[in-house]
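Student: Hey, I've just opened this one and I'm lost. Can you walk me through it?

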Amino acid sequence: MDDLPDGWNRWNDGETKLVWAYRPDVFNGSSFPAACLPTIYITQGKRTRRPGAERAPDPDTPWYVTLYLEPEVAREDEEFSSRERALAGAHDLAARFSEGTVDYRGLYQVPRETYFAKLDELTGREGPTDSPEREL
């Protein structure tokens, strides 16, 4: 997976965890808090595993793709049977996010209008009246 969709950068490329970040030039702490940097985690095993469980996952352990808008604001995990399928799923999710077809507003209980406005601008969305995210 050499080429990522527009705006996405590879931040970590480990054996069992990969992290992609969206527009770190914008979400860098000066205009928007760094914690608002949209990230996609591709992990073998759930990212919520207990701390201290540093052993490598079993080869049969599924892969998960999760989009985070903030540490406590995430889209529901997508599960995949292999690393290759997880990478393809993450690439599709990143492309849809870049195109403005992922409903990030729906992930929030308390809206952040300035943040949404910037994401709308970067992804070409027209705001809250856009159609919801399409089914996979």
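Tutor: Helices (H or I, at least four residues) and strands (E, at least two) are DSSP runs, numbered from the N terminus. This is a predicted model, where local features need pLDDT of at least 70, side-chain atom pairs count only at pLDDT 80 or more, and totals for chains, interfaces and linings use all residues. Residues are numbered from 1 along each chain as its sequence is written, and side-chain values use heavy atoms, leaving out hydrogens and water.

Student: OK, at what angle do the axes of α1 and α2 cross?

Tutor: Roughly 100°, and the axes of α1 (residues 83-99) and α2 (residues 113-123) come within 7 Å. The two helices are therefore roughly perpendicular (65 to 115 degrees).

Student: Which residues meet there?

Tutor: Phe97, Ser98 and Glu99 from α1 meet Leu119, Leu122 and Thr123 from α2, with contact meaning heavy atoms within 4.5 Å.

Student: Switching to strands, how do β1 and β2 run?

Tutor: Antiparallel, with five bridges joining β1 (residues 8-13) to β2 (residues 17-22); strands pair if DSSP finds at least two bridges between them. A hairpin of three residues connects β1 to β2, and asparagine 9 sits opposite alanine 21 in β2.

Student: And glutamate 78, buried or exposed?

Tutor: Buried (under 20% relative accessible area, 1.4 Å probe, protein chains only), as glutamate 78 has 13%. Glutamate 78 belongs to strand β6 (residues 78-80).

Technical notes. Axes fitted to C-alpha atoms, helices over the stretch in contact; angles between N-to-C directions. Parallel < 35°, antiparallel > 145°, perpendicular 65-115°, else oblique. Buried < 20%, exposed > 50% of the residue type's maximum accessible area, 1.4 Å probe, protein only.
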